[in-house]
Amino acid sequence: MIVKHEKDPDIREDGSELVNYDNQDFKIFSRRNYIIANQTFPMMVMHWHTDIEIIYIRKGSVSYQLNGRKVVMKKGEGIIVNSRQMHCIQTENEDCILDCLIFHPLVLCATRYVENNFVLPIINNDYLPYIMLSDKIEWQKRILHLTSEIFEWSENENCEMEQLSTLMMLWKILYDNLDIDTEEVVDNNLEIVKKMIEYIHAEYAEQIKLEDICRQGGVGRTHCAKLFDKYTNMTPMEFLKNHRLSKAVELLLDTDMSVSDISYEVGFSGPAYFTKSFREKMGCSPLDYKKEILSRKI
């Protein structure tokens, strides 16, 4: 099985991801990903983006952490992650092949009328953080197959019109089969968590205390812990350590910095604690991890 080391996602300080589209003037991204069982991906940190994400599992299984919920998908299933939802991917106990489609809502908005009547009612609907898909339900099966079709088109040159027309067909099927409630509901707790995560992403290299994180959300220690547990399934300090480890992996793979220098660069108190934390998370030392990943790129 081929495992590609893709470019790590660009995470802004507010925790949102800047999707690396192949063409920034045509914001449709489609990939077929091969994932090894039980492999940890520290670069896949909890994040959100304005773009919409569709996943179709072709083999094996994988799980998503999404707004604090764990969603497991197996072959023949998938998910639509709506705009601005906190999520990250997690591997399960078997290898997985999945099709991933990410697109910006604006590619659907041919006119203001289309935007207001067919796009915004879905992406601004807080009752629809995500939509589960199954090939056992006909209209959902069609969406899954169209997701793969968009990937197949991406293998060809000058395929943009075919991809766009397929995506418009996909969106129409989705719209026709949703019971859209127009009542607006705002999750204030989610916005508080985003503020605290924004602070962690901006200041992770500094010596951050729990009180510092609480202050950014305007909450006490207990409420802060409850919010992080609900939306990330981690404590605030675990989230901070995981983010530091994800930044450390970037430096390991993209620079010649020593393990000691990296440990201080990402905010650890020293190389011993960094190596211990890395081994607990990844199952190997930083240098062994680097050798393993780089060997796959040859």
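Modeller: Two strands are taken as paired if DSSP finds at least two bridges between them. Strands (E, at least two residues) and helices (H or I, at least four residues) are DSSP runs, numbered from the N terminus. The model is predicted, so local features need pLDDT of at least 70 and side-chain atom pairs count only at pLDDT 80 or more, whereas totals for chains, interfaces and linings use all residues. Residues are numbered from 1 along each chain as its sequence is written, and side-chain values use heavy atoms, with hydrogens and water left out.

The sheet is open and consists of three strands in the order 6-5-8, with antiparallel pairing. Strand 6 (69-74) and strand 8 stand at its edges; each has a single partner strand, so one side of each lacks a neighbour in the sheet. From one strand to the next the twist averages 25°, where axes are lines fitted to C-alpha atoms, for helices over the stretch in contact, and angles between N-to-C directions run from 0 to 180 degrees. Strand 5 (residues 61-66) is joined to the antiparallel strand 8 by five bridges. Glutamine 65 stands opposite cysteine 88 of strand 8.

The loop between strand 7 (77-81) and strand 8 (87-91) holds arginine 84. Although arginine 84 is not a glycine, its phi is positive, at about 70°. Its relative accessibility of 31% makes it partly exposed; under 20% counts as buried, over 50% as exposed, and the range in between as partly exposed (1.4 Å probe, protein chains only). A positive phi, near 55°, also occurs at asparagine 158, again a residue other than glycine. Asparagine 158 lies in the loop between helix 2 (138-154) and helix 3 (160-176), and at 67% relative accessibility it counts as exposed.

Helix 3 also contains threonine 166, which is buried with a relative accessible area of 4%. Leaving aside residues up to four places away in sequence, threonine 166 touches Leu146, Glu149, Ile150 and Trp153, contact meaning heavy atoms within 4.5 Å. Helix 3 and strand 4 (52-59) are the elements against which the buried residues of helix 1 pack. In helix 1 (residues 112-123) these buried residues are Glu115, Val119, Ile122 and Ile123. Their arc around the axis is only 100°, which places them on the same side of helix 1; the arc is that of the directions from the helix axis to the C-beta atoms.
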